[in-house]
Amino acid sequence: MRPSDPAAPAFVQLAAHPLRWKLLTELAASDYRVRELVERVGQPQNLVSYHLRLLRGGGLVTARRSSFDARDSYYHLDLQQCAHALAHAGTALHPALGLAPTPPPPSPPSARRPAVLFACTGNSARSPIAEALLRHRTDGHIEVTSAGSHPKPRIHSDAVQVLREQHGIDISGQRPRHLDTLLGRRFDYVISLCDKVREVCPCFGDQVRLVHWSIPDPATAAGPGPIGHPAVVRTAAEIDTRIRYLLPLLTRTPQEVQP
């Protein structure tokens, strides 16, 4: 290589390693703990942890302390950052190769609507927000509902306010429901948004695609900014980003996207 030759973009260098690519593909489907990634990729924990550190250093993967077991962490692939990194890598090779997001292909008119269940503990903020945003973004073409393992008496007022102010969605008349009330229903995807509910979520059949999004409860989340309305704003934004990247998968069967 001549001294003046540019180095490959950081995304290419990170993703080109076979194990890191395998970790990226696993985390593209769901958030996982280290021991789960070890099992899925079949490599020693110290090796997996080393490559996760490199991916975190490159900004492609983040880690969040588990709300179920604070000694553990969930790893999450930042798809938005990956999209930016891919676009940069494309344009670095040729200006015409910059990637632009494309809408999901429409389902055939005769196709059965995909069914999605969002679950969290209280069914008062995270899962109702996800339910409302997915329904809004698909204009009713997805059958979507939400429930909780320990539902609260009512939807969180900040969740109602944020959806109304930022998305023009009114969920003020919605009430939390228990997961057990949905037993026997058919779902293509069951998406847990809470580390605690992931451990207790009932089984909805062998064909369902289980996905986990490790998102802290905005009603109790600690971190930058005050607890309350700003925390719900951040949570809704994260959920909306994840939903936008979920949409193309919903036009395919769970078997087609099974890793």
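The cover over the buried residues of helix α7 (buried: under 20% relative accessible area, 1.4 Å probe, protein chains only) includes α6 and α9 (229-246). The model is predicted, so local features need pLDDT of at least 70 and side-chain atom pairs count only at pLDDT 80 or more, while totals for chains, interfaces and linings use all residues. Residues are numbered from 1 along each chain as its sequence is written, and side-chain values use heavy atoms, with hydrogens and water left out.

**Helix α7**
- The buried residues in α7 are Asp158, Ala159, Val160, Val162 and Leu163.

**α6 with α7**
- Helix α6 (residues 126-138) packs on helix α7 (residues 157-167) at an angle of about 25°, the axes (lines fitted to C-alpha atoms over the stretch in contact) being 11 Å apart.
- α6 is therefore roughly parallel to α7 (angles under 35 degrees).
- From α6, Ile129, Ala132, Leu133 and His136 meet Ala159, Leu163 and His167 of α7 (contact: heavy atoms within 4.5 Å).
- The residues of this α6 and α7 contact comprise 5 nonpolar, 2 polar and no charged (Ala, Val, Leu, Ile, Met, Phe, Trp, Tyr, Cys and Pro count as nonpolar, Asp, Glu, Lys and Arg as charged, the others as polar).

**α3 with α4**
- Helix α3 (residues 34-41) and helix α4 (residues 45-57) cross at roughly 110°, and their axes come within 9 Å.
- α3 is therefore roughly perpendicular to α4 (65 to 115 degrees).
- Val34, Leu37, Val38 and Val41 of α3 meet Gln45, Val48, Ser49 and Leu52 of α4.
- In the contact of α3 with α4, 6 residues are nonpolar, 2 are polar and none is charged.

Key: Axes fitted to C-alpha atoms, helices over the stretch in contact; angles between N-to-C directions. Helix = DSSP H or I, 4+ residues; strand = E, 2+ residues; numbered from the N terminus. Parallel < 35°, antiparallel > 145°, perpendicular 65-115°, else oblique. Buried < 20%, exposed > 50% of the residue type's maximum accessible area, 1.4 Å probe, protein only.
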